[in-house]
Amino acid sequence: MSDAFDFDLFVIGGGSGGVRAARIAAGYGAKVALAEEYRVGGTCVIRGCVPKKLMVYAGRFADEIEDAAGFGWEVGPARFDWRRLKQARDAEVTRLEAIYARNLANAGVEIVHERAVIEDAHTVRLCASNRLIRARIILVAVGAAPSADALIPGAEFIIDSNGVFELETQPKRVLVVGGGYIAVEFAGVFAQLGSRTTLVHRGDKLLRGFDEEVRDALDAAYAQRMDLRLGQTLERVERAGEALRATLSDGTQVEIDCVLAATGRRPNVAGLGLERVGIELDRFGAIPVDAYSQTGVASIYAVGDVTNRAALTPIAIREGHAFADTVFGNKPWCVDHRLIPTAVFSTPEIGVVGHNEDVARRCFDDIDVYRANFRPMKATLSGREERVLMKMLVDTASDRVVGVHVVGHDAGEIIQAVGIAVTMGATKADFDRTIAVHPTAGEELVTMRVPDATKRPVGVG
Ligand SMILES: Cc1cc2nc3c(=O)[nH]c(=O)nc-3n(C[C@H](O)[C@H](O)[C@H](O)COP(=O)(O)OP(=O)(O)OC[C@H]3O[C@@H](n4cnc5c(N)ncnc54)[C@H](O)[C@@H]3O)c2cc1C
């Protein structure tokens, strides 16, 4: 490192992408500092994937307890204690935060616990201490934050996804606004934990961008579990004694104790100083970068949610890793964003890899659709009204599997394994020659024999 710089790399943001990049770069011998203004670990660990999944687990016990009776169990009245879950969840998050900080320290990364902003192409300013630090490379890994829709009357009563983790008591009645995965997941959690839940979404189906049949399956399941209001918007929230009253666009009013808006997230770029170095944002408010995560300023890179390529933890981690290998390890590579296995931790759970049917039909001349829609084995004795949907899309010309969609128990776990095959370019014939694991739900994926000829939309293909 030349004397002109205090560090080889200064990372702004200690979340999934920043932490990975800092550790890998330090492993190559770079002198690295990382600034974090809140808690090390970032959104995923502190107020995203991890605490949310713990709440999803908590909610699912409700079904397990109920279903146990069908298998001969006599279960007494069960009671859920929100405070105990919060305490345990918060303790786990704190444990993970410490591990992240320790791993950074062990790698030789200097952690600076304050906000940092960009002063020029090689300088960051630490806001609390007003120190200026010079670095050869600056990595912006500041993530994203919940963005509120246009302000409505009573917006001050509305919490966002961060606020869910602060709730000290369980709202008895909750209204969730949004149709994306975060809204869907939290609505599911609240409903399963016993809160009377209303989910309001302005679209005609939940989960825009997902396969239409997956969306239909989720809508049907959610309509059983909660008060699902599609094609509606939230117009107003006001106090109603101890409670709140929400007015929807059709004029109906719902009395609730808590309103959660999960209607989108925006890159955390406000006040970051990007204009000082001439970095202009794209139309989503994200930092534009090339395939190697380099911005228009040669010494400044950006990874993770702030670049809005695919706002998921494994993507941020991989982009951070690729950046560090490329810039500090002399091993250039870039992340392939085309094929991303992903899950939605609703109940029923959703797992997806590859195209949905509409997109597949646009990308390929001809598509075969294989489908299984069945009652899972567990439901035979539990008596629960539930279905599993598995759908496989195959490019007829090459026989390659180009999309797999699963709705049901363990869909996320199933799709992780299927994702390996699809990423490797597996054909339908490869799935067919794979021996089934019996009795499982997943075996349906290797025993789908006949494509569905009836689903081709009129005028397509
Ligand atoms: C409720 C919720 C559930 C989610 N569930 C999943 C899931 O199940 N699976 C999945 O893959 N993804 C999930 N995500 C998305 C995932 O959390 C993000 O994609 C991931 O955390 C992005 O990592 P990042 O490094 O880009 O940013 P972040 O993890 O957000 O880290 C950015 C960090 O930068 C800090 N920071 C910001 N500005 C500054 C500054 N100027 N100076 C210093 N520090 C700063 C922030 O405090 C933050 O800690 C979820 C997100 C939410 C909100």
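A helix here is a DSSP run of H or I with at least four residues, a strand is a run of E with at least two, and both are numbered from the N terminus. A residue belongs to the lining of a pocket when it has an atom within 4 Å of one of the pocket's grid points. Keep in mind as you read that this is a predicted model.

With those terms in hand, let us begin at the second largest pocket. Its volume is about 670 Å³, and 31 residues line it. Thr347, Pro348, Glu349, Glu386 and His409 are the lining residues that lie nearest the centre of the pocket. Which elements give two or more residues to this lining? They are α3 (49–68), α7 (212–225) and β21 (388–395). The largest contribution comes from α7, which gives seven residues. In terms of residue class, the lining holds 16 charged residues, along with nine nonpolar and six polar ones.

Thr347 and Pro348 are joined by a cis peptide bond, with omega at about 10°. Pro348 sits in the loop between β18 (342–344) and β19 (350–354). As background, most peptide bonds are trans, and most residues other than glycine have a negative phi. A cis bond also links His438 to Pro439, and there omega is near -5°. Pro439 belongs to the segment that follows α12 (428–432). For phi, turn to Asn330: this residue is not a glycine, yet its phi is positive, near 55°. You will find Asn330 in the loop between α8 and β18.

Now back to α7 and its packing partner. Helix α6 (residues 181–192) packs with α7 at an angle of about 35°, and their axes are 10 Å apart. The crossing of α6 past α7 is left-handed. On the α6 side, the contact is made by Val184, Glu185, Ala187, Gly188, Ala191 and Gln192, while α7 brings Leu218, Tyr222 and Arg225. Five of these contact residues are nonpolar, two are polar and two are charged.

Next, follow helix α1 (residues 16–27), which packs with helix α8 (residues 313–328) at about 30°, with the two axes 7 Å apart. How are α1 and α8 oriented to each other? Angles under 35 degrees count as roughly parallel, so α1 and α8 are roughly parallel to each other. The crossing of α1 past α8 is right-handed. Ser16, Gly17, Arg20, Ala21, Ile24 and Ala25 form the α1 side of this contact, and the α8 side includes Thr313, Ala316, Ile317, Gly320 and His321. Also on the α8 side are Phe323, Ala324, Asp325 and Phe328. Sorted by class, this contact between α1 and α8 has eight nonpolar, five polar and two charged residues.

Helix α1 has another neighbour in helix α4 (residues 82–106): their axes come within 9 Å and cross at roughly 25°. That angle makes α1 roughly parallel to α4. The α1 and α4 crossing is left-handed. Here Val19, Ala22 and Arg23 of α1 meet Tyr100, Asn103 and Leu104 of α4. This contact of α1 with α4 comprises four nonpolar residues, one polar and one charged.

How values were computed: Residues are numbered from 1 along each chain as its sequence is written. This is a predicted model: local features need pLDDT of at least 70, side-chain atom pairs count only at pLDDT 80 or more; totals for chains, interfaces and linings use all residues. Side-chain values use heavy atoms; hydrogens and water are left out. On a 1 Å grid over the protein atoms alone, a cavity is a set of points where a 1.4 Å probe fits but cannot get out, and a pocket is an open set with protein on both sides within 12 Å along at least five of seven lines; lining residues have an atom within 4 Å of a point. Grid points are joined across faces, edges and corners, and a volume is the space filled by probe spheres set on the points. Ala, Val, Leu, Ile, Met, Phe, Trp, Tyr, Cys and Pro count as nonpolar, Asp, Glu, Lys and Arg as charged, and the others, Gly among them, as polar. Axes are lines fitted to C-alpha atoms, for helices over the stretch in contact, and angles run from 0 to 180 degrees between N-to-C directions. Angles under 35 degrees count as roughly parallel, over 145 as roughly antiparallel, 65 to 115 as roughly perpendicular and the rest as oblique. A crossing is left-handed if the near helix is turned anticlockwise from the far one by less than a right angle, and right-handed if clockwise. Contact means heavy atoms within 4.5 Å.
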